[in-house]
Amino acid sequence: MTHILVQGIGGVGGLLAGELLRAGAKLTLVTGNPAITAAINHNGIAISTPDDSFQVAASASTALTDLTTESSFDCAYLAMMAGGVVDAARAALPLLRDDGYFVAFQNGFVEEAIGNAVGIERVLSATVALGSSMEAPGI
């Protein structure tokens, strides 16, 4: 099973993580925010859309440094604000397998900068064509 690191669990990252966890994916969540980490670890992730509402059990860490040194990932989803994405990619690079890759969820704005930091051959671009928001940490 593919092991995915998801960094940035806000509106977009929270929706991605919630849907992927519901589908049975193997995820490691890194929030970058202690309040979001605490809420997810206590309550899981709650998703509410016009068509569906659900809650999934989840655990999260605040920083990559909180993970065990044995952590290894097939890919890293970068779902944070664009200003922090290059640093997040650099920090995650040692945790990716040799053939691991990054998926950037910033709608084509940061891929070149990420590629300059980690190698463009390791970067995929995703377009987020939906509106999402975080009503409260983990929601």
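Is Lys26 buried, partly exposed or exposed? With a relative accessible area of 41%, Lys26 is partly exposed. Here buried means under 20% relative accessible area, exposed means over 50%, and partly exposed lies in between (1.4 Å probe, protein chains only). The model is predicted: local features need pLDDT of at least 70, side-chain atom pairs count only at pLDDT 80 or more, and totals for chains, interfaces and linings use all residues. Residues are numbered from 1 along each chain as its sequence is written, and side-chain values use heavy atoms, with hydrogens and water left out.

Lys26 belongs to strand E2 (residues 26–30). Helices (H or I, at least four residues) and strands (E, at least two) are DSSP runs, numbered from the N terminus. Neighbours within four places in sequence aside, Lys26 is in contact with Met1, Thr2, His3 and Ile4. Contact means heavy atoms within 4.5 Å. Lys26 and Thr49 are 23 residues apart in sequence. Their C-alpha atoms are 23 Å apart in space.

The largest nonpolar core has 21 residues. Such a core is a set of buried Ala, Val, Leu, Ile, Met, Phe, Trp, Tyr and Cys residues joined through side-chain atoms within 4.5 Å. Leu5, Leu64, Leu67, Leu78, Val85, Phe102 and Ile114 have the most contacts inside this core. At least two of its residues come from each of strand E6 (73–78), helix H3 (85–92), strand E7 (96–104) and helix H4 (111–118). H3 provides the largest share, five residues. For Leu67, leaving aside neighbours within four places in sequence, the contacts are Leu5, Thr28, Val30, Ser61, Phe73 and Leu95. A second, separate core has 20 residues, among them Val6, Ile40, Val56 and Ala60.

Four salt bridges occur in the structure. The criterion is a side-chain nitrogen of Lys or Arg within 4 Å of a carboxyl oxygen of Asp or Glu. Asp52 pairs with Arg22, and their closest N and O atoms are 2.7 Å apart. This bridge links distant parts of the chain, 30 residues apart. Asp52 sits in the loop between strand E3 (45–48) and strand E4 (53–56), whereas Arg22 is in helix H1 (residues 11–22). Asp52 counts as partly exposed because its relative accessibility is 30%. Arg22 is also partly exposed, at 42%.

Asp74 forms a salt bridge with Arg97, with the closest N and O atoms 2.6 Å apart. Asp74 lies in strand E6 and Arg97 in strand E7, so the bridge ties together parts 23 residues apart in sequence. At 32% relative accessibility, Arg97 is partly exposed.

Another salt bridge joins the side chains of Asp87 and Arg90 (3.3 Å, N to O). Both residues lie in helix H3. They are three residues apart, about one turn of the helix. Asp87 counts as exposed because its relative accessibility is 53%. Arg90, at 47%, counts as partly exposed. Elsewhere, salt bridges with shared partners join Glu19, Arg22 and Asp52 into one network.

Arg22 also lies over the face of Phe54, 3.7 Å from the ring centre. A charge sits over a ring if NZ of Lys or CZ of Arg is within 6 Å of the ring centre and within 35 degrees of the ring normal.
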